[in-house]
Amino acid sequence: MRFRLKIMLYMLCLLSLLFGVGGSALISISFQTSLEREKASAHETYQMLLNTLRVVNRIETWSDANDISNVLSQLLSQNASSWSALRVYEQTEMIYETGESAELVEISHEDVKPENCFVSGVSGLYGQHYLQLTGAFVMEDEPFYLDALQDITYIYEMRIQQQESYREIYICLVIACALLSYSITWLLTRPLVKLSRASKEIARGNLSYRSSIKTSDEIGALSADFDYMASQTEKSVRDLKDAISRQERFTRNFTHELKTPMASIIGYADLLRLQTLNPDEQAEAANYIFSAGKRLENLSLRLLDIFVMDKQDLKLRDTSIRILIGKVVSSKQAMLAEKQVNVSAECEIGTCLMEPDLIWSLLVNLIDNAQKALEQGGQIGIVSEMTAEGCRIRVADNGRGIPSEAMEHITEAFYRVDKLRSHKQNGVGLGLALCAKIVELHNGSITFDSKVGVGTCVTVELKEGRI
Amino acid sequence: MIKILIVEDERAISNFIKLSLTKAGYHCNCAYDGAKAADMIDTNLYDLILLDVILPCVDGFELMEYIRPLGIPVIFLTARNEVNDRVKGLSMGAEDYIVKPFEVVELLARVNVVLRRNKKAGSMIEIGGLIIDVNAMRVLRGGEDISLTRKEYDLLLFFARNPNMALYRETIYERVWGGDFEPGSKTIDLHVQRLRKKIGWENELQSVNKVGYRLEVTP
C-alpha cells in the first residue's frame with residue numbers, strides 16, 4: 001500500500017474517533033446545562049406560585065377549595081404559558097385540575113413537607129418530556145399539595161437537531177481531513193519518489209543522475225547523502241574504467257612492440273634462407289635482424305626492470321645526490337657534447353636514503369629525454385636540493401616541450417608523444433614508465449611542467465628520509 | 001607490371017616486404033605514414049595496397065575509408081590477432097589481412113590470391129618454357145598439353161609462383177598437401193622427380209641440400 005494512502009487512513013480513523021467523541025460530549029454537556037437551567041427556573045417559578053398561594057391565603061382566608069381554584073385560575077391566566085398542568089390536593093382529595101393533567105404522575109404525598117419540593121423528569125404519552133414539581137403548603141392547619149407539570153420537550157428536540165447538524169458537519173470534516181492528509185502526505189513524500197527515481201536511473205547505468213532535492217529536513221539530508229554516494233560511485237567506476245582502458249592500451253601496445261621487431265627478424269631471416277640475395281641485400285637484412293634483436297633485448301630488459309622491481313629488493317643507502325648527479329653527467333658528457341648540448345648542475349651538499357643504481361637509471365632516463373627534446377644544441381639544467389624527507393631534483397631543458405593533451409599519458413608504458421621520432425631515436429616508450437616506478441619505490445613523486453616550444457621541467461622528490 | 005603500395009611505418013618491415021615482392025617480380029612503392037600514402041594513391045595507379053593498421057598521422061582504418069571508393073584491393077598488416085580488429089578490417093572492405101610476424105611464402109600467396117581475385121594478375125603464367133593456364137588448369141609446352149595429376153599440378157603451380165626461392169620441404173608440404181610434414185617422408189621427392197620428367201625441368205627444379213627444392217629460372 002502506498003505510504004500516503006496509509007497515512008490518510010490512519011488520520012481518518014484517528015480524527016473520526018476524536019471528532020465523534022468530542023462532538024457528542026459537547027452536545028450532551030450543552031443538553032445537561034439546558035436541563036439544569038430549566039429545572040432551576042421551573043423550581044423558582046413553582047416556589048413563586050406556592051408563595052403567592054400562601055400570601056393570598058393570609059390576606060383573605062379561604063373557606064373552601066373553590067377559592068383556591070379561583071386564585072390559581074387567575075394566576076394562570078396572568079401567566080398563561082408557564083405550566084402545562086396543575087393539580088391541587090387537599091389531603092388525598094383532588095380539588096383542582098387544569099391543563100393536560102392526564103400526563104401527571106400520581107405520587108404519594110406522604111414524604112412531601114411544606115418546606116421542600118421535589119423535581120422529577122416525566123416522559124409523556126406522546127413522546128413529550130416534562131418536569132413534574134411536587135410541593136406542599138398549609139392552610140388552616142390543613143395540608144394542601146400542588147403538583148405542577150412543565151413541558152421541556154423543546155430541549156430534547158434541540159438535542160436531536162444539534163445531533164443532526166453535527167452529523168453533517170462531521171461528514172464534511174472527515175472528508176476534508178481525508179483530502180488534506182492525503183495531499184499533505186503527497187507533498188511530504190514527493191521527494192521520496194524523486195529519490196526512488198534517481199536510484200532506478202543510477203541502477204540503469206546513468207551514473208551522472210542526481211536526486212538534487214533541496215529541502216532542509218531529514219529527506220533533504222538523505223538526498224544529499226544519496227547524491228554523495230552516487231558521485232563517489234561514479235568516481236570509482238570512472239577510475240575503474242580508466243584502469244581497464246590503461247590496461248588494454250598497455251596490452252595492445254605491448255603486443256605491437258613485441259611483434260614489430262619479431263616481424264623484422266622472422267621476415268629477413270626467411271628471406272635469407274629462401275632467396276639468393278646479393279651481398280648488399282644480405283648485409284642489409286643482417287643489419288635489420290641485428291637491430292630488431294637489440295630492440296627486443298632493450299624492451300625485455302626495461303620491462304623486467306619495471307615489473308620485477310619490488311620494494312623488498314630495494315637496498316637503501318645513504319647517498320650524496322650531488323656526487324651521483326656529477327657521475328651521471330660526466331658519463332653522459334661525451335654524448336651530450338657531440339649533440340652540442342650544454343649541461344649545468346647546481347647541487348646542494350647533503351645525503352639522503354636511496355637506491356643509487358635506480359636513481360642513476362632515473363637520472364640517465366631524464367637526461368636522455370631532455371636531450372631528445374632538444375632539436376640541435378640546447379641547455380639542460382639540473383638542480384638538486386635537500387628536503388626534510390630526502391631530496392628534490394629538477395631536470396629542465398629548453399627543448400620542444402610536451403603537448404598538454406599528452407601530459408596525463410607520458411608515464412604510461414609504451415606511450416610516445418611522437419611515435420615517428422621515438423622510433424628514429426630508438427626509444428621503446430618505457431623510459432618515463434620506469435622513472436615513475438623508481439620514484440614510486442622511493443615513496444616519492446614525479447611531476448612534469450612543460451610548455452610547447454619553451455621547454456620541460458621534471459621535478460622528482462625522493463622521500464625515503466635522511467639519516 | 002603490377003604496382004603495389006606498401007604503407008608501413010616500421011622501415012625494417014616495409015623494406016622486407018618490398019624486397020620480397022620485388023624478388024617475386026612486383027613493382028613496389030613504400031609510404032611511411034598515412035598522409036604520405038594518401039598523396040601517393042592520388043598520384044599513382046596501384047593494383048594493390050598493403051596497409052598497416054597503426055600508422056602516424058592517419059591510421060590504417062581512416063586511410064581505408066579514403067581508399068575504399070577507389071576500388072583498389074587492400075590487405076591489412078596487423079600485429080594484433082584480435083577478432084575485432086580483423087572483422088573491422090574486413091567489414092571495411094579489405095580483401096585480406098596478414099598478422100605479423102609472417103613468412104615470405106605466406107605474404108606472396110596472399111598477395112597472389114587477392115590479385116587474381118581482382119583480375120589484376122593474368123590467368124596465364126609463362127615460366128621456364130611452359131605456359132600454365134590457371135583458369136583451365138592446363139599446362140602447355142610448345143602448344144601441347146602435358147597431362148599432370150592434381151598434386152603434380154599444384155606442386156608445379158607452387159614452384160611457378162615462388163621462382164628462385166629455396167622452398168623448404170615443410171613449406172611445400174604445408175602449402176601443397178596441407179598439414180604437417182613428417183621428417184623423412186619421401187612424398188615430395190617422388191612427386192618432384194615425376195614432375196621433372198613430365199615437364200622437362202631436369203635442370204630448372206634444383207634440389208637444395210638438406211632444405212628442399214628451388215625453381216631456378218632467369219627472370
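This is a predicted model: local features need pLDDT of at least 70, side-chain atom pairs count only at pLDDT 80 or more; totals for chains, interfaces and linings use all residues.

Student: Ok, and where does A:Glu408 lie in chain A?

Tutor: A:Glu408 is in a loop of chain A, the one between β10 (391-397) and α8. Its C-alpha atom is 9.7 Å from that of A:Phe448, and these two residues are 40 residues apart along the chain.

Student: Backbone next. What is the phi of A:Gln340, and where does the residue lie?

Tutor: A:Gln340 has a positive phi of about 60°, although it is not a glycine. A:Gln340 belongs to the loop between α6 (321-338) and β7 (341-347) of chain A.

Student: And is A:Gln340 exposed or buried?

Tutor: A:Gln340 is exposed, because 10 other C-beta atoms are within 10 Å.

Student: What about A:Asn443?

Tutor: A:Asn443 is not a glycine either, and its phi is positive at about 55°. A:Asn443 sits in the loop between α9 and β11 (445-451) of chain A, and it counts as partly exposed because it has 14 C-beta neighbours inside 10 Å.

Student: Which peptide bond is cis?

Tutor: The peptide bond from B:Lys100 to B:Pro101 is cis, with omega near -10°. B:Pro101 is found in chain B, in the loop between β5 (96-99) and α5 (104-117).

Student: Let's switch to helix packing. How do α7 and α9 of chain A cross?

Tutor: The axes of α7 (residues 356-373) and α9 (residues 431-441) of chain A come within 9 Å and cross at roughly 145°, and the crossing of α7(A) and α9(A) is left-handed.

Student: Which residues make that contact?

Tutor: On the α7(A) side the contact is made by A:Leu358, A:Ser361, A:Leu362, A:Asn365, A:Leu366, A:Asp368 and A:Asn369, and on the α9(A) side by A:Gly431, A:Leu434, A:Cys435, A:Ile438 and A:Leu441. By residue type, the contact of α7(A) with α9(A) divides into seven nonpolar, four polar and one charged.

Student: Now chain B: how do α6 and α7 of chain B cross?

Tutor: In chain B, the axes of α6 (residues 150-161) and α7 (residues 169-177) come within 10 Å and cross at roughly 125°. That angle makes α6(B) oblique to α7(B), and the crossing of α6(B) and α7(B) is right-handed.

Student: Which residues of α6(B) and α7(B) meet there?

Tutor: From α6(B) there are B:Lys151, B:Asp154, B:Leu155 and B:Phe158, which meet B:Ile172, B:Arg175 and B:Val176 of α7(B). The residues of this contact of α6(B) with α7(B) divide into four nonpolar, no polar and three charged.

Student: Moving to the cores, which residues touch the most other members of the largest nonpolar core?

Tutor: The largest nonpolar core has 66 residues, of which B:Val7 and B:Leu50 touch the most other members. Not counting residues up to four places away in sequence, B:Val7 touches B:Ala31, B:Ala37, B:Ile49, B:Leu50, B:Leu51, B:Asp52, B:Leu55 and B:Leu63. There is also a second, separate core of 42 residues, which includes A:Ile393, A:Ile402, A:Val439 and A:Leu462.

Student: And the interface, how many residues of each chain are in contact?

Tutor: On chain A, 22 residues are in contact with 22 residues of chain B. The elements of chain A that give two or more residues to the side touching chain B are α4 (218-274), α5 (279-308) and α8 (419-424), and α4(A) gives the most, with 15 residues. The residues on that side of chain A divide into nine nonpolar, seven polar and six charged.

Student: Last one, the overall picture: how many helices and strands are in chain A and chain B?

Tutor: Chain A comes to nine helices and twelve strands, while chain B has eight helices and twelve strands. Buried residues make up 24% of the 467 residues in chain A, and 36% of the 219 residues of chain B count as buried. Among contacts in chain A between residues at least 6 apart in sequence, 63% join residues at least 24 apart; for chain B, residues 24 or more positions apart account for 53% of the contacts with a separation of 6 or more.

Key. Residues are numbered from 1 along each chain as its sequence is written. Chains are lettered from A and ligands numbered from 1 in the order in which they are written. A nonpolar core is a set of buried Ala, Val, Leu, Ile, Met, Phe, Trp, Tyr and Cys residues joined through C-beta atoms within 7 Å. A residue is buried if 20 or more other C-beta atoms lie within 10 Å of its own, exposed if 12 or fewer, and partly exposed in between; C-beta atoms are placed from the backbone. Two residues are in contact if their C-beta atoms, placed from the backbone, lie within 7 Å. Helices (H or I, at least four residues) and strands (E, at least two) are DSSP runs, numbered from the N terminus. Ala, Val, Leu, Ile, Met, Phe, Trp, Tyr, Cys and Pro count as nonpolar, Asp, Glu, Lys and Arg as charged, and the others, Gly among them, as polar. Axes are lines fitted to C-alpha atoms, for helices over the stretch in contact, and angles run from 0 to 180 degrees between N-to-C directions. A crossing is left-handed if the near helix is turned anticlockwise from the far one by less than a right angle, and right-handed if clockwise. Angles under 35 degrees count as roughly parallel, over 145 as roughly antiparallel, 65 to 115 as roughly perpendicular and the rest as oblique.
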